Amino acid sequence: MLRQLKGNTGSFSIGTAEIGIYCLNENEVVLIDSGDRPSPALFGMLEERGWRVKAIINTHLHEDHIANHEALVARYGCTVYAGEAEPEDAKLWGISPSWPLVLTKPDAAVAVGGAEFLTVFTPGHSLGHQLVATPDGVCFLGDAVMTVDAL
């Protein structure tokens, strides 16, 4: 189910995962991660709205966040972004991405279609884990757990 969060930012549930969706315009979106399992419902929702995926910005590359990447890249030719240490972390988990990656520096901005997504380097859960904030100021945490003790 698609939920509108703030401005052009929404989220879509797949199993236990929430995928961030940012609408660049009527026809193009950016996804934050792609879910924990292959999802015909995700593709149905995209098709129904006439949305093309321009990019996927990852919080990290663990299997429960990349399940639809291969199919999305094949269908839309979208660009996939991840923190620069994520390929090394993925190897530790036996994951070898089959799609090209654009690696981001810690705390870098990612520009897609005239919109800027801020990233905050939060290693721990993975070597290159990052939080991703949309231009609307909605932050997707991936699997980061924040506590008062961490501040």
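Strand 6 (residues 79–83) and strand 7 run parallel to each other and pair over four bridges. Let's walk through this predicted model together.

Q: Which are the edge strands of the open sheet?
A: Seven strands make up the sheet, in the order 1-2-3-4-5-6-7, with mixed pairing. An edge strand pairs on one side only, and that holds for strand 1 (2–6) and strand 7 (101–104).

Q: Are helix 1 and helix 2 roughly parallel or roughly antiparallel?
A: Helix 1 (residues 40–49) and helix 2 (residues 69–76) pack with axes 11 Å apart, at an angle of about 30 degrees. Angles under 35 degrees count as roughly parallel. Therefore helix 1 and helix 2 are roughly parallel.

Q: How many charged residues are in the contact of helix 1 with helix 2?
A: Helix 1 brings L42, F43, L46 and E47, while helix 2 brings A71, L72, R75 and Y76. By class, the contact has six nonpolar residues, no polar ones, and charged residues numbering two.

Q: Which residues of strand 8 point to one face and are buried?
A: The side chains alternate along strand 8 (residues 109–112).

Q: What is the bridge partner of A111 in strand 9?
A: Strand 8 pairs with strand 9 (residues 115–121) in the antiparallel sense, over four bridges. In strand 9, A111 has as its bridge partner E116.

Definitions and conventions: Residues are numbered from 1 along each chain as its sequence is written. This is a predicted model: local features need pLDDT of at least 70, side-chain atom pairs count only at pLDDT 80 or more; totals for chains, interfaces and linings use all residues. Side-chain values use heavy atoms; hydrogens and water are left out. Axes are lines fitted to C-alpha atoms, for helices over the stretch in contact, and angles run from 0 to 180 degrees between N-to-C directions. Helices (H or I, at least four residues) and strands (E, at least two) are DSSP runs, numbered from the N terminus. Angles under 35 degrees count as roughly parallel, over 145 as roughly antiparallel, 65 to 115 as roughly perpendicular and the rest as oblique. Contact means heavy atoms within 4.5 Å. Ala, Val, Leu, Ile, Met, Phe, Trp, Tyr, Cys and Pro count as nonpolar, Asp, Glu, Lys and Arg as charged, and the others, Gly among them, as polar. Buried means under 20% relative accessible area, exposed over 50%, partly exposed in between (1.4 Å probe, protein chains only). Two strands pair if DSSP finds at least two bridges between them.
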